[in-house]
Amino acid sequence: MAQYLPFVVLMALAIAFGGLSFVASRLLAPNRPSAAKEAPYECGIVPSREPPERFPVSFYIVAMLFIMFDIEIIFLYPYAVESGTLGTFGFWSIVMFSVVFFLTFVYEVARGGLEWGPLHTYRRLDRDAAMVSAERDSTTTIRRVGLEGRVDAGESSTEIEAA
């Protein structure tokens with residue numbers, strides 16, 4: 001027990017130092033809150049845009065998939081090295097682990113864990129059918145911009161002849 005005495009004394013000193021530092025900072029520190037000090041970045045620069053949003057959930061799901069593959073490698077590598085000594089029990093253990101891992105991966109893919117980008121929405125097919133109808137041509141679908149007030153070349157020649 002005497003061999004642990006320096007460790008216990010050192011731990012007691014560390015705890016006492018941490019506690020005293022905490023109490024001293026509470027008692028001696030100036031407490032003058034302001035809007036600038038409450039801002040997320042207290043550097044004197046007024047933020048010109050909102051802080052970035054949180055990461056989407058799919059980011060964490062993909063990160064968990066990477067961790068799952070790391071764990072699989074951690075278990076498969078020792079089995080590959082010592083497969084001869086582990087025998088049939090080790091083989092079936094790895095098969096069960098791989099099956100559970102594969103089913104988890106299939107479930108994750110089926111839930112859309114690897115799909116990135118905007119959300120997919122279903123389109124109305126009747127609108128698409130109207131877009132390809134025979135009544136549509138370039139005069140009904142293209143809006144000419146910047147022609148307001150201009151005189152068409154064919155119209156201007158007839159106006160000149162009439163005058």
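Mentor: Helices (H or I, at least four residues) and strands (E, at least two) are DSSP runs, numbered from the N terminus. This is a predicted model, where local features need pLDDT of at least 70, side-chain atom pairs count only at pLDDT 80 or more, and totals for chains, interfaces and linings use all residues. Residues are numbered from 1 along each chain as its sequence is written, and side-chain values use heavy atoms, with hydrogens and water left out.

Trainee: How many helices and strands does the chain have?

Mentor: By those DSSP runs the chain has seven helices and zero strands.

Trainee: What are the axes of helix 3 and helix 4 doing?

Mentor: Axes are lines fitted to C-alpha atoms, for helices over the stretch in contact, and angles run from 0 to 180 degrees between N-to-C directions. Those of helix 3 (residues 57-81) and helix 4 (residues 83-110) come within 9 Å and cross at roughly 165 degrees.

Trainee: Why is helix 3 called roughly antiparallel to helix 4?

Mentor: Angles under 35 degrees count as roughly parallel, over 145 as roughly antiparallel, 65 to 115 as roughly perpendicular and the rest as oblique. The crossing is at roughly 165 degrees, so helix 3 is roughly antiparallel to helix 4.

Trainee: What share of the residues in the chain is buried?

Mentor: Buried means under 20% relative accessible area (exposed over 50%, partly exposed in between; 1.4 Å probe, protein chains only). Buried residues make up 6% of the 163 residues.

Trainee: Which helix has the lowest mean pLDDT?

Mentor: With pLDDT as the predictor's confidence in each residue, from 0 to 100, helix 7 (residues 153-162) has the lowest mean, 54. The mean for the chain is 80.
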